[in-house]
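Trainee: Could you walk me through this one?
Mentor: Gladly; have a look at it first.

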Amino acid sequence: MDPESVSGSGESRLKWYKTTLCLAYQSLGVVYGDLSTSPIYVYTSTFSGRLSLHEEDDEILGVLSLVFWTLTLIPLFKYIIFVLGADDNGEGGTFALYSLLCRRAKLGLLTASCVPDDDSCAQDPGPSVEDTRTSSLLKEFFDKHQSSRILLLLAVLLGTSMVIGDGILTPSMSVLSAVYGIKVKAASLHENYTVLIASAILVGLFALQHVGTHKVGFLFAPILLAWLLCISGVGMYNIVHWNPDIVNALSPYYAYKFFQKTGKDGWTSLGGIVLCVTGAEAMFADLGHFSHLSIRIAFTAVVYPCLILAYMGEAAYLSKHKQDLQRSFYKAIPGLAVITVMFVTTCLMFLIIIMVWKRNVLAAVAFVVVFGSVEFLYFSACIAKVHNGAWLPLVFSLVLMSVMGIWYYGTLKKHSYEIHNRVSLETLLRLGLNNGVNRIPGIVLIYSNVVTGVPPMFAHFVTNFPTFHQILMFVTIQTLTVPNVLPHQRYLISRIGPPEFRIYRCIVRLGYKDARQDAHSFESNLIDSLVNILSCPGDDFIDGEETTVDQLQQSNPVVDGITVRHENGNGLNRRTVRFRGGINIEELKDLARAREAGVAYMMGNVGVVASDASSYWKKFVIDIVYGFLRQNCRRPSTALGVPHTSLIEVGMVYRV
């Protein structure tokens with residue numbers, strides 16, 4: 001519920017407050033798990049390396065000062081204040097930032113003329129702001145240099161891969177570190193049992209994921225809340241009992257003094273200190289499950305003060321018990337993935353501030369200098385420790401990035417082949433009229449990625465089997481760079497050729513968060529939408545200049561929530577038609593009869609191989625890696641829930 005939508009009544013306001021506080025409570029169990037358990041291993045990891053030679057009060061105070069300012073600058077200032085405001089219609093994460101840049105600044109690999117206006121389909125397209133001189137110059141640069149768009153996509157894939165890599169390691173690290181605390185009271189417990197207990201807990205945690213965010217949040221929120229209250233209470237006790245002067249460490253002077261005294265050893269220890277912000281990216285990545293205000297309330301009112309008290313209390317205790325600095329069997333991996341994701345977010349925010357928010361370049365530079373310099377310092381320390389264990393998340397991330405990149409490359413080549421080898425509509429119309437192609441009762445939905453013309457696989461089918469159904473509908477599903485598409489803008493329906501041909505095209509536009517319908521529901525909605533158009537009274541023609549189909553997607557009239565186009569044979573339009581009932585009685589009758597006869601689904605079972613002239617590297621990528629990925633992914637018919645008895649698969653091999 002948005003505060004702007006709340007009416008002035010006290011009841012509505014009270015309901016909004018309750019909803020926000022409920023979401024803030026749930027976010028404790030979903031968003032802040034990693035961040036809240038980091039005190040378990042930050043100090044032991046920081047003092048496990050060369051810093052073990054520096055275990056005086058100044059070093060302990062310096063580490064606490066660095067932890068305090070790191071938590072203040074990155075989670076509190078950067079994410080809570082700035083980054084949460086860069087959401088994509090309520091969605092967060094690296095891809096949300098990228099989708100904003102693709103939609104608002106047209107920085108995707110496809111040019112603006114090749115894709116529909118995704119922003120017009122957004123639930124909240126955002127205010128229209130004029131380009132600044134800097135944003136215009138950046139757009140010109142990205143338009144001129146295609147390689148810059150590729151590098152931007154690679155940076156996004158790297159950040160996303162790092163999040164996944166971190167998600168592989170962080171749960172095991174947190175749970176294992178927590179379980180190891182049992183040995184403080186049960187010293188005789190064998191290490192193998194702690195690993196077994198941690199494994200059982202991890203299996204249980206992942207088994208609960210399927211119940212959904214709502215239930216997981218309510219289940220773990222009281223546990224996290226109790227944990228935070230306990231560690232903050234213990235922290236306050238330690239501060240008062242052992243060293244009240246520890247509060248002086250909140251001054252940045254002690255951080256400066258720390259580096260002055262420890263030198264290079266202090267720099268290498270940053271790989272342990274950065275673990276205090278493990279999970280901070282989740283505040284933005286999990287935004288879609290909650291709201292800006294609920295995330296901010298939970299962090300500023302509960303998580304942040306509790307963590308500061310916990311770290312201060314632990315430092316106060318360690319200042320009087322320096323022998324306990326090394327009491328840990330688990331040397332935390334300096335989690336490199338964490339700081340890399342944050343650094344990628346900072347770089348993307350530089351572009352967001354200039355090209356989406358249209359702010360002055362000095363504001364973007366200040367953001368990068370303040371937050372980027374801190375993150376780069378930690379990043380350099382983590383890189384220096386790659387050989388000590390940080391290589392593991394790096395390898396995970398590079399493998400995932402390679403898989404995503406190769407899948408995208410192979411899919412792009414397949415789409416490119418279909419576009420360049422599509423059959424003109426004139427050819428299809430000639431087949432339908434002059435060459436004796438039989439028309440059998442029923443409707444066939446022909447799925448493809450081609451938005452104009454005829455896909456190669458259908459031409460291949462007609463050439464070898466010159467029969468198709470009475471009603472033809474070419475269906476293309478487009479996933480846009482918006483979380484959700486407004487219902488009345490979901491379907492683009494057009495008639496291909498004269499009415500008597502009974503050939504239509506439907507482009508279904510979905511957001512990346514829209515749930516896919518099952519085949520039966522989708523079929524019913526699609527046909528009902530076509531019936532509604534044909535049933536409207538009257539007939540209205542709008543003459544216009546010759547325009548491409550891509551341009552028409554942004555300017556077509558809308559009737560009852562359905563956009564209608566009229567295509568001629570060469571894929572160009574000389575007039576846009578809003579066709580309504582009256583003259584379409586026969587079409588309605590044919591559609592009803594065809595619907596009773598049944599609906600079939602036609603899809604291509606397409607293999608992609610590299611051409612003989614391709615390089616060995618391309619053959620390896622396409623024939624082996626992409627081929628393996630394609631064979632092990634879900635088939636399109638399975639993903640769309642198409643019934644096997646109604647499926648027609650057309651086998652083809654594309655040489656790219």
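What follows is a chat about a helix pair and some aromatic rings.

Mentor: This is a predicted model, in which local features need pLDDT of at least 70, side-chain atom pairs count only at pLDDT 80 or more, and totals for chains, interfaces and linings use all residues. Residues are numbered from 1 along each chain as its sequence is written, and side-chain values use heavy atoms, with hydrogens and water left out.

Trainee: At what angle do helix H7 and helix H18 pack?
Mentor: Helix H7 (residues 146-180) and helix H18 (residues 391-420) pack at about 135°, with axes 8 Å apart; the axes are lines fitted to C-alpha atoms over the stretch in contact, and angles run from 0 to 180 degrees between N-to-C directions. Helices here are DSSP runs of H or I with at least four residues, numbered from the N terminus.

Trainee: Which residues make the contact?
Mentor: Counting heavy atoms within 4.5 Å as contact, the residues include Leu 153 and Gly 165 of H7, and Phe 396 and Tyr 408 of H18.

Trainee: New topic: how many aromatic pairs are there?
Mentor: The structure holds 24 aromatic pairs, where rings of Phe, Tyr and Trp (its six-membered ring) pair if their centres lie within 6.5 Å, and planes under 30 degrees apart count as stacked, over 60 as edge-to-face and the rest as tilted. Tyr 253 and Tyr 254 form an edge-to-face pair, 5.7 Å centre to centre with 75° between the planes.

Trainee: And which rings form a cluster?
Mentor: Ring pairs link Phe 458, Phe 461, Phe 465, Phe 468 and Phe 474. Phe 458 and Phe 461 both lie in helix H20 (residues 456-464), 3 residues apart.

Definitions and conventions:
Helices (H or I, at least four residues) and strands (E, at least two) are DSSP runs, numbered from the N terminus.
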